[in-house]
Amino acid sequence: MRKLSLLCSLILLCGQLWAQTRTITGKVQDDQGNPIAGATVQAKGTNTASVTTTDGTYTISIPQKVKALIVSYVGYGREELSIGSQTSLTVVLKRTDQSLAEVIVQVPYGTVKKTAFTGSEGTITAQTLDKQQVTSVTKAIEGLVPGIVVTNGGGAPGSSSNVLIRGVGSYQASSDPLWVLDGIPYDGSIEALNMDDIASVTVLKDAAATALYGSRAANGVIMMTTKKGIRGRNTVSVKAVQGYLSRGIPEYDRLGSQQYYELMWEGIRNALVYGQGYTFQSAGIQASQRLTTSANGLAYNAYNVPGDQLVDPATGKLNSSAKLLWNEPWEKALFRTAQRQNVTLGISGAGDKNDYLLSLGYLHEDGIVRFSGIKRYNARLSVNATPNTWLKSGVTLDGSYSNQTGLLSGGGYTSNPFYYTRNMGPIYPVYQHNLSTGAYVIDSATGQRALDWGIPSQMGARPYAPNSNLVGSLALDERSDNIFNGNGNTYLEAKILKDFSFKTTFGITYYDDYNTRYQNSQFGDAANIAGRSTKKSDRRISYTLNEVLTWNKTFGDHNFRVLGGHENYKFINTQEYATRIGFAFPGSPELDNAATTEAASSYTDNLRIESWFSNLNYDYKGRYLLSGSYRRDGTSRFYPTHRWGNFYSVGAGWRISEEDFLKSVRWLNELKLRVSYGEQGNQSLLNPDLLTQKYYAYQNLYSAGNNNASYPGYIPAGLPSPDLVWEGNKTFNVGVDFSLFDRRLQGTVEWFNRISDDLIFGVKVPGSTGFTSFNQNIGALRNRGIEVSLGYNIILKKDFDWRVDVNFTHLTNTFTKLPPGVTEIVDGTNYKKIMVGHSIYDWWVKEYAGVDPATGDALFYKDVLDGNGKTTGQRVLTNNSNNASSYYTGGSSLPKFTGGVTTAFRYKNFDLSVLVTFSKGGKYYDGNFQGIMHPGTFGSAWGKEILNRWQKPGDITNVPRLQNAIAGQDASGSSRWLYDASWLNIKNITLSYRIPNSAIRKAGISGIRVFGNVDNAKLFTSHKGMDPQFAFDGVADATYTPFRTVSFGLNLSL
Amino acid sequence: MKNISKYLLPALLSALILGGCKKSYLETAPSNQVTTDVIFKTTEGAQTALDGLYRLTYTFGIETYGGHDLFGQKAHDLIMDVMGNDMVINSRGYNWFNGDYRYTAGTDPSDGLRSYTTWMYYYQIVNNANNIITAIDKASGAQSEKDKIKGQALFMRAHSYFYLVNFWQHTYKGNESKPGIPVYSEPTSKGNGRGTVQNVYDSLILDLSNAETLLTGKVRRDLSSVDITTVQALRARVALQMEDYATAATYAQKVTSSGKYPLMDNAEYQSGFNSVDNPEWIWGTKVIVDQATVYASWYSHMDAAPFGYASLGQQKKITKALYDQIQNGDIRKTVFTKPGTGTTSIPDYTQTKFHLADPSSWAGDYMYLTVAEAYLIAAEALARTGHEPEAHTALETLIKNRYPAYTSAALSGANLINEILLQRRIELWGEGLALLDIKRLKQGVNRPTGAGNHGAPNYDAIVYTLPDQDPKFLFRVPSEELNSNKSMTAADQNP
């Protein structure tokens, strides 16, 4: 109000100075045609300005000589309009998120103007999120904010990605950031939220930004805010999107039937020659005889000649008169182009004393593998009321119900379609065939083609995954999750005394996953026991209650904001399941239909945290900024005397551009230097699986459920760790924010040094003591890096603009401390070793020395030991991988740098934007490829590269001799499978068109935008088939591949 | 407004302060775990730890590893048999135990592989036993109960050491001073060195003799619990392995003369060796349906009738060579598929000795020690110590039960011993003693080949002969142990 009157008096003043004035009226609206209230309209080159009213209209008196108006509004762009002879001008402002000035940043327990902020953050607004047609917000933030790395998290419908902020900050505790939804730490499912409800995502990175969430902020904080009703904009909006999903990463090229038989023959022959001393001639004869037998061969003969005549024993070539009887790739039978539909209806608005928003969403996404998909229904209601001048209250309720039908997508299980189809030899069909004609066998009961289950009574005991057929079993089995995820947030805010305000917030999240796993009674794994069904309920409830008292005071040029508060957090997880076998009829997986209980279990876990916190923000003239915070947290995870941790931060900022000596530098709009330091804690201790939480590590426990027949039995749960304390994260951050050339170029450059110490480790103890590790706070890890983000409006015209945003992160990760006496910790499973000076993900593998040209053996290096078993520094070659030594060879799985580039064009009503993300450096262990480069495992598919195998003395190649069942040649855990992990992904292309308002206004429609986009358009990697973004540690798994989505959609508002 | 805030502020401030909770707010406890103090407060509690220990003998997986060849003691019995001469694997199937059959499994020391899982399996039992042995004296309860629990834990520790030393070293005799395996007398997280084979045997014999004392006069709850006869049966097996025949004879006869274990009748013999009610079982465990480990179970790998791994190509077969040495009329010949009667799913020579009582459920009990073995130990040990008449009696008592026309009367000296060893192979086929016998008899591996025996058209064993004390007999010390045990260096690795 004060500002407005100031402006009015300015106008008045101006009017007196320049007698020759004229009056311009008009309206400011957004690109949907909605009025923008409070926008500034300024006469170019003067101090004359006006502000729009609630209906977006303005009136401004300007000197005659002024040729143009400059119109701007927080969160929107800036438009310059030449006036000419017009007296009425309507201005359309586009929403932007890059305007550095006056941007509001979401911080713990409140908001702060970006210019006054001393911390490090990155904000992504709804406009940017809206471009990506993904189901989980975790999949949309990659490449948009520097300092974060995201896995692709698998492509299963409804899956989320893992996110790391500024590197891996822990070893045995979680490195996941804290997610906060509308001010309440969020334990619900992120993929349950409707992307269309999210107004902004703010990534808080340094101590100054996150310290108020000290206890859980060690790995950074991601604040999500949801949309609210906006004053003066009562709207009804509809968004509808139709998408088509296909595989985003191609499958490895694999051998077809002919080459498969020929190379298998070679593998059998070589096993007899090199393994058992046969001559080549007799081995060739044996190999031809064995090739299609069950006991020592492939069991199936896909050709129309007798199995022992399939391959010529002398040449190893396929019989030229043999005709292929069937060729049925399993991926064709199991994969598909899937569809995705997403519709959101929003109704929102605001009056003088209240605002409201109602949103309803529906999502249907099928997986690219048949029998997988998700249906999700969302509803959200947000209401805020200001009944009088000192009280404000509001509530947000949202619920989502999703039904996911899935399948096992991970691990080397034959029930995992990715593993199954990749590794199934090409000669094994989906359907049964007549062995001499190749004709389909018809199932007399159904009249349909009979499926081949790979069992002796059908076509034979298939050596790869006998007694299975995923086309058959996935159709009959059920693997589903019915998830309810509900959030309720409510607050009461009161202004008390003069400068105080008190706010109490209560939030509750309820998550319930009702899971069914049913193995059918007719075929496959559970046929003999007439089916098996498991029903499982996983219920998580969390409560957060906080009370915050804030004091805002200005003394002259000194501005103070001080807050103090208290928070209680309670998390309850209840799990129960039961399994029954023996179904009388196929079809229903409900337990009542089954006879025998095979398993039953239930338990509850509790976690509690209590916190006290305070925060001070001070600035002098908005030029010198100072912030500090202190927080004390207690957690139930640690022993009573160790459970309280103290966390703090200090931050300072200097807006150099506000200094008088820079005010005259016209090209410099904003220059801010900021520095912060602080310490936060981490208590999210994980079990050795690094997935599930460990709540009671300090206690010396025996676990139930190890019953001996009908007698209850308990076994030790592990070695207790009563000395555990909070992990600490000490972050130093220095950053420069700038905005240049009439705010056309904006950017931030930051350097950070993040020391994670008192790291909790599973310290190895000798397995002969009965356990292999226990937890101790012993290590320190440093993440250090540079982040750069730049945005430039290359063209900024009325009908055409073009903006490019680039961000770039370079990060190093190094262990700086290990426990006394421990010089190294070996993680044999993931081929890593930790040592001071090395990163958490440095490869420690056997060094592959290629293939011996004389013998075709795979060669590895081996240390020469002295009499005491110590290394002598010398090394020799060995052809027995069991004797090979491991080395730091191959660097790390962590990239050297990562980043993203967004380029956005607008021409009149067309918008085109492209997001490219990239990662350079690091190595990826492609275990999936390793699986199809075996030396001759019967039944398993072969990658095309196997054709380069060694065949005869003198051959120079990197692929060793084929030899079925060879021992000691396994290159598992060797550098042979390390590939350059660099990648570049055209992550999103969006083209949209806004239908001109004039064309639709008569229909009562205020805006229509149509768009098309492609997510994951194209991924470039060093090795076809590889998915280097799968996991931070660089270890592959046979998971759901990421998919490409091509979508078309429409936004409509009334 | 002023008035309201005057009252509101103090109210809110006090709410803020009261928001701080009671101290107990941060005390949480797991719902499916109890503290060690609770477990060992009473003998009743300690009994649950003992039952947990017994459960480990048939539980699935080890640590985070869940291979379907990991199901406790019976998995190790099967390893011992597939490494022997008399068990043939029909075809490759799902590859479980094929590496053991080919003598490649135990020689890779990587995490999660055979040497690691076997090591961890037995040492996990040792640690559980050590917890009980150390804590039981302070528990409240009758002394007799404490003795009973302690005796059983001592037995379990000895049993594990016996298997460990036999997987990681050649037989006792002649190798007494070779590296053994780490021995622990109490729970610790500090690793011990390998010591010598002699140390290991000294320790386990002491445990068994203490167990024998503690369990004297105690009545056990059920067959899964160890009683004095169980201790004696294992003591006899250990003595035989050590070639201490006098002790072996003494202990084996204590078992056979205990009167507690009558021999089966023929119908019982054919009933599948699947129930703790089998009169010949000295120690075994009841496996009820919710504790059965389904595909990862002994019956999955042995019984070719249900859809377990044995039916998916890995049918376990007796060699023709041994089958032909079973007399016609011997009931033991009927538990193998007669040549010429086999089918694709149950080929000739496939074992049917061990099978589920009901193929539509995976519940089937596990046999650990039997009186039949005691008879055979007694016979062999007596024959080797010059007590041939008693040896004949022990042998004939058992074998006449299987084959009424049986007599060994005409045999003496080496012939008698060979006959006892032959009967031992026939009687104990599939019971997990093959590798122990190969080691102690120092004959190496000699697998018969040709039709019905090892090799094509059956699964290729690759290894058909192996000289005694070949390094391939030895499991490698897991890398995990060498990396973390300060009392060991790379030089402690087996060759």
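Student: In what order do the strands of the open 3-strand sheet with mixed pairing in chain A stand?
Tutor: The model is predicted, so local features need pLDDT of at least 70 and side-chain atom pairs count only at pLDDT 80 or more, while totals for chains, interfaces and linings use all residues. Residues are numbered from 1 along each chain as its sequence is written, chains are lettered from A and ligands numbered from 1 in the order in which they are written, and side-chain values use heavy atoms, without hydrogens and water. Strands (E, at least two residues) and helices (H or I, at least four) are DSSP runs numbered from the N terminus, and two strands pair if DSSP finds at least two bridges between them. On that basis the order is E4-E1-E7.

Student: Which strands are at the edges of that sheet?
Tutor: An edge strand here pairs on one side only. Strand E1 (residues 21–30) of chain A runs parallel to E7(A), with 6 bridges joining them, and Gly26(A) stands opposite Leu89(A) in E7(A). The edge strands of chain A are E4 (57–63) and E7 (88–93).

Student: Why is one side of strand E39 and of strand E41 of chain A left without a neighbour in the sheet?
Tutor: The open sheet E39-E40-E41 of chain A has antiparallel pairing. E39(A) is joined to strand E40 (residues 858–865) by 2 bridges, with Tyr848(A) opposite Phe860(A). One side of E39 (848–851) and of E41 (871–878) is left without a neighbour because each stands at an edge with a single partner strand.

Student: Which residue in the turn between E43(A) and E44(A) has a positive phi?
Tutor: E43 (residues 897–907) and E44 (residues 910–920) of chain A pair in the antiparallel sense over 11 bridges, and Thr902(A) stands opposite Leu915(A). E44(A) is also joined by 10 bridges to the antiparallel strand E47 (residues 983–995) of chain A, where Leu984(A) faces Phe918(A). The hairpin of E43(A) and E44(A) has 2 residues between the strands, and the phi of about 50 degrees belongs to Lys908(A).

Student: How many residues of chain B are in contact with chain A?
Tutor: Contact means heavy atoms within 4.5 Å. The area buried between the two chains, meaning the accessible area (1.4 Å probe) lost on putting them together, summed over both, is about 7,800 Å², with 57% from carbon and sulfur atoms. From chain A 95 residues take part, and from chain B 99.

Student: Which residue of chain B forms a salt bridge with Arg290(A)?
Tutor: A salt bridge is a side-chain nitrogen of Lys or Arg within 4 Å of a carboxyl oxygen of Asp or Glu. The rule finds 2 of them across the interface of chain A and chain B. For Arg290(A) the closest N and O atoms are 3.2 Å apart, and the partner is Asp460(B).

Student: Which residue of strand E1 in chain B stands opposite Leu701(A)?
Tutor: Strand pairing also crosses between the chains: E30(A) and strand E1 (residues 33–35) of chain B are antiparallel over 3 bridges. Leu701(A) stands opposite Thr35(B).

Student: How many residues apart are Arg422(A) and Glu251(A)?
Tutor: This pair forms a salt bridge with its closest N and O atoms 2.9 Å apart. Arg422(A) is in helix H7 (residues 417–423) of chain A, and Glu251(A) is in the loop between strand E17 (235–247) and H4 of chain A. The pair links distant parts of the chain, and the separation in residues is 171.
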